[in-house]
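The following exercises concern a single protein chain. Please work through each task before reading its solution.

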Amino acid sequence: MDVILGLATALGTQFNEMWEIVGSHLIKFASSSEAIERSTSVGVIADCIKYMEEGCTPRTEQLLKILMHKLSDADPETRSNAAYAMGLLCIKSQNTQLITSNYSTILRKLEPLLQDQSYRMLDNACGCVSRMIMAHPNNVPLGEVLPVIANVLPLKEDYEENEPIYTMLVKLYQERNQIVGSMTGQFVPIIASVLSPPEEQVNTETRQKLVQLVQFLYNEDQNLIRGYDNLVAIATGAN
């Protein structure tokens, strides 16, 4: 699995051709009776999708089938890795028809994960839903999903998933989505927390997007961020 991950990292989108040779080995381990083998293989599958990017498209049906099954795995680490992988597949694959036709099933599978007490599970499930929204927002019931995400935020452990989550939120605000707009009161304290220490909560690019969002909200209505000194400082250039 280390060798496969190394190949995926090196070959990127061209790894699709190598998948024909090595994919069956990963899938075999994903069905192992050993939890550590299942979780590790699903994690490597996720990274393969990440590095293949749109190159994963010809494998969409195969990957969707195995990941859908692993979202209900008995092992929590495997379920968590499957959520991460599924989100990547939804946003990377160009097989839009197949992906979107399975959105409702994926969301049902994610529902119990979003109620889990494990921070990593919650983080990856939120990241998955956020990537699904970014990829095909019209296929996600935002009025039902966004409140669930808001209740989980801010993330406590896997800060890597903050990138898709806040990129998704910024995108919805840029599109002036009415649902996210109506939830600004819930999202402002979350944004204030994420833009506070520790600094590693968000990378530089995501931080800049959130800064621009704060400035946008301030220009819309200064009262939206009243009471959050760090956000006011950002919006007024005092920070």
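**Exercise 1: an aromatic pair**

Phenylalanine 15 and tryptophan 19 lie about one helical turn from each other, because they are 4 residues apart in helix α2. The model is a predicted one, in which local features need pLDDT of at least 70 and side-chain atom pairs count only at pLDDT 80 or more, whereas totals for chains, interfaces and linings use all residues. Residues are numbered from 1 along each chain as its sequence is written, and side-chain values use heavy atoms, with hydrogens and water left out.

Task: state how many aromatic pairs the structure holds, and classify the geometry of phenylalanine 15 and tryptophan 19.

Solution. Step 1: the structure holds 1 aromatic pair. Step 2: the ring centres of phenylalanine 15 and tryptophan 19 are 6.4 Å apart and the planes stand at 75°, so the pair is edge-to-face. The criterion is centres within 6.5 Å for rings of Phe, Tyr and Trp (its six-membered ring), with planes under 30 degrees apart stacked, over 60 edge-to-face and the rest tilted. Step 3: both phenylalanine 15 and tryptophan 19 are buried (under 20% relative accessible area; exposed is over 50%, partly exposed in between, with a 1.4 Å probe and protein chains only).

**Exercise 2: helix α3**

Task: check the span of helix α3 (residues 35-52) and identify what covers its buried residues.

Solution. Step 1: helices are DSSP runs of H or I with at least four residues, numbered from the N terminus. Step 2: at 1.5 Å a residue, the 18 residues of α3 should span 26 Å, and the end C-alpha atoms are 26 Å apart, which agrees. The expected span is 1.5 Å times one less than the number of residues. Step 3: the buried residues of α3 include Val42, Ile45 and Ile49. Their cover includes α1 (2-11), α2 (15-30), α4 (60-70) and α5 (76-92). Step 4: glutamate 53 follows α3 and has a positive phi, near 50°.

How values were computed:
Helices (H or I, at least four residues) and strands (E, at least two) are DSSP runs, numbered from the N terminus. Contact means heavy atoms within 4.5 Å.
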